[in-house]
Amino acid sequence: MKLEVRDLTKRYGQKLILNHVSFTFEEGKIYGLIGRNGVGKTTFFNCINQDIEIDSGSFNILNNEDELEKKLETSNIGYVQSNPIVPEFLTGKEFLQFFIEINKDRIDPTKSIDDYFELVKLSSEDQDKLLKDYSHGMKNKMQMLINFISNAEVLLLDEPLTSLDVVVQDDMKKLFKKMKKNHIIIFSTHILDIALDLCDEIIILNNQKLELIEKKNLNTKSYKDKIIKALRDSKND
């Protein structure tokens, strides 16, 4: 499975944010989307998720086996935002039960609620707490969990680890790596070390374009220097 972004252009008034962007994302990889703050990473995600109107372009899913192409629908997208949005008047268990019920046609019926909570390491005590009393990290886990179990083909992860402590970060990284086998994952961050630790490919949003940084000696100083130079040379919005 592949996600093909073709000729994506987005302006805000006279300000050009994305300029005829074309890129192919493949299943089984985590793509690290790197860019300076304000360069347009979230705008790129909002375009894919059809939250904002684009000036031109298309998003299509390509089946690897028969190359059958279909338009990307919002029902096939999971979007994890940096500031998780959850119904705070429900407990974690009530929220998950409700989500499973309304999406039962696309969720694995062989797994129990306990199986799902085990994926994100939420205790029984935490499951019965109101979501309004969850920490930022726990809310992020819940947001990630519902996207995982809904079997969305494309997962957009917008700075999901930035404000989490190292233990929760480690749990989330393990979950992302487990998920990538059957998903297309695009992970945005402005923290280079997180991207290098987690991602299979590194892409820079640079001067309104997506640029793949060739993956050689991923964690070497020369590779990091190459990315930083590209970021330094890019135009910030």
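Which residues line the second largest pocket? They are E118, L119, V120, K121, K141, D171, M172, K174, L175 and K178. Here a pocket is an open set of points on a 1 Å grid over the protein atoms alone, where a 1.4 Å probe fits, with protein on both sides within 12 Å along at least five of seven lines; lining residues have an atom within 4 Å of a point. This is a predicted model, in which local features need pLDDT of at least 70, side-chain atom pairs count only at pLDDT 80 or more, and totals for chains, interfaces and linings use all residues. Residues are numbered from 1 along each chain as its sequence is written, and side-chain values use heavy atoms, with hydrogens and water left out.

**The pockets**

- About 160 Å³ of space lies in the second largest pocket, a volume being the space filled by probe spheres set on the grid points, which are joined across faces, edges and corners.
- Helix 6 gives the most to this second lining, with five residues; helices (H or I, at least four residues) and strands (E, at least two) are DSSP runs, numbered from the N terminus.
- By class, the lining of the second largest pocket holds six charged, four nonpolar and no polar residues. Ala, Val, Leu, Ile, Met, Phe, Trp, Tyr, Cys and Pro count as nonpolar, Asp, Glu, Lys and Arg as charged, and the others, Gly among them, as polar.
- The largest pocket has a volume of about 330 Å³. Of its 15 lining residues, K111, F148, N151, N182 and H183 are the closest to its centre.
- Helix 3 (113-119), helix 5 and helix 6 each give two or more residues to the lining of the largest pocket, and helix 3 gives the most, with three.
- Six nonpolar, three polar and six charged residues make up the lining of the largest pocket.

**Helix 5 and helix 6**

- The axes of helix 5 (residues 136-149) and helix 6 (residues 166-179) come within 11 Å and cross at roughly 10 degrees. That makes helix 5 roughly parallel to helix 6, a label for angles under 35 degrees. Axes are lines fitted to C-alpha atoms, for helices over the stretch in contact, and angles run from 0 to 180 degrees between N-to-C directions.
- From helix 5, G137, N140, K141, M144 and F148 meet V168, D171, M172, L175, F176 and M179 of helix 6; contact means heavy atoms within 4.5 Å.
- The residues of this contact divide into seven nonpolar, two polar and two charged.

- An open sheet of six strands has the order 6-7-8-3-9-10, with mixed pairing; two strands pair if DSSP finds at least two bridges between them.
- Strand 6 (77-80) and strand 10 (209-213) stand at the edges with a single partner strand each, so one side of each is left without a neighbour in the sheet.
- Neighbouring strands of this sheet are turned by 20 degrees against each other on average, direction ignored.
- Strand 9 (residues 201-206) runs antiparallel to strand 10 and is joined to it by five bridges, with L205 opposite L210 in strand 10.
- Helix 5 packs on the sheet, where it touches strand 6 and strand 7 (154-158).
- Helix 6 lies across strand 3 (30-34), strand 7 and strand 8 (184-189), at about 150 degrees to strand 8.

**Other strand pairs**

- Strand 1 (residues 2-12) pairs with strand 4 (residues 56-62) in the antiparallel sense over six bridges, and V5 has F59 in strand 4 as its bridge partner.
- Strand 4 also pairs with strand 5 (residues 69-71), again in the antiparallel sense, over three bridges; the partner of N60 in strand 5 is K71.

How values were computed. Angles under 35 degrees count as roughly parallel, over 145 as roughly antiparallel, 65 to 115 as roughly perpendicular and the rest as oblique.
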